[in-house]
Amino acid sequence: MVKPLGFSLEDRHLKRAGLDYWDDVDVRTWDSFAELKRGQSSNTRYFFLTTKSGRAFYNVKFHQEDFLVFGRETKGLPENLLARNIDTCITIPMQKTRSLNLANAVAIVLFEAMRQQR
Ligand SMILES: C[S@@+](CC[C@H](N)C(=O)[O-])C[C@H]1O[C@@H](n2cnc3c(N)ncnc32)[C@H](O)[C@@H]1O
């Protein structure tokens, strides 16, 4: 998770929502996207999930080390981040409806990436 988060990871409501899964989640936080990138190897790939792309996520051959980058529920990913990474923006094709909620978007793309890794 890249800060600012807009919520506290210590929040008892968040932990309650995580129920018994919380201990199995490897939560890591970074102060900025630049800091996240500094900690990875230079050939790490980042895919940016957005409705503003014509490239369907299922046409990407994902690698195990890839990052899937999702935006916040309210605003999505910053426009300047998308513009800087236009070649690795991908979408979940949809008709009419503006966007999925974050949890559903993550589930769809992460499942495909993991399916490809078997
Ligand atoms: C609720 S959406 C954000 C909506 C925001 N109003 C916007 O226009 O981007 C939260 C995140 O889910 C992901 N998402 C939702 N629907 C998507 C789609 N059809 N394709 C790709 N990503 C999607 C994106 O990463 C998005 O930033």
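## Around the ligand

Leu49, Gly71, Ile92, Met94 and Leu100 come nearest to the ligand, out of the 18 residues around it. Keep in mind as you look at this site that the model is predicted. As for where the ligand sits, the space it takes is the second largest pocket.

## Polar contacts and burial

Which residues place a polar atom by a nitrogen atom of the ligand? Ile92 is one of them, with a polar backbone atom 2.9 Å from a ligand nitrogen. Thr74 also takes part through its backbone, where an N or O atom lies 3.3 Å from a nitrogen atom of the ligand. Thr91, in turn, uses its side chain: a polar atom there lies 3.4 Å from a ligand nitrogen. How much of the ligand does the protein bury? Taken alone, the ligand exposes 570 Å², and the protein buries 85% of that.

## The sheet

Let us turn to the strands. They form an open sheet of 3 strands in the order E2-E1-E3, and the pairing is parallel. Strand E2 (67–69) and strand E3 (89–90) are the edge strands, each pairing on one side only. In general, the strands of a sheet pair through backbone hydrogen bonds, in either a parallel or an antiparallel way.

Strand E1 covers residues 46–49 and pairs with E2 in the parallel sense over 3 bridges.

## Two backbone features

Most peptide bonds are trans, and most residues other than glycine have a negative phi. Two places in this model are worth a look with that in mind. The peptide bond from Lys3 to Pro4 is cis, with omega near 0°. Pro4 is placed in the segment before helix H1 (12–18).

The other place is Lys96, which is not a glycine and yet has a positive phi of about 70°. Lys96 is found in the loop between E3 and helix H4 (102–117).

Technical notes. Residues are numbered from 1 along each chain as its sequence is written. This is a predicted model: local features need pLDDT of at least 70, side-chain atom pairs count only at pLDDT 80 or more; totals for chains, interfaces and linings use all residues. Side-chain values use heavy atoms; hydrogens and water are left out. Two strands pair if DSSP finds at least two bridges between them. Helices (H or I, at least four residues) and strands (E, at least two) are DSSP runs, numbered from the N terminus. A residue is near a molecule or strand if one of its heavy atoms lies within 4 Å of it. A polar contact is a pair of N or O atoms within 3.5 Å; within protein, one must be able to donate a hydrogen and the other to accept it, and residues adjacent in sequence count only if both atoms are side-chain atoms. Accessible areas come from the Shrake-Rupley method with a 1.4 Å probe; for residues, only the protein chains shown count as cover. On a 1 Å grid over the protein atoms alone, a cavity is a set of points where a 1.4 Å probe fits but cannot get out, and a pocket is an open set with protein on both sides within 12 Å along at least five of seven lines; lining residues have an atom within 4 Å of a point. A molecule sits in a cavity or pocket if more than half of its atoms lie within 2 Å of its grid points.
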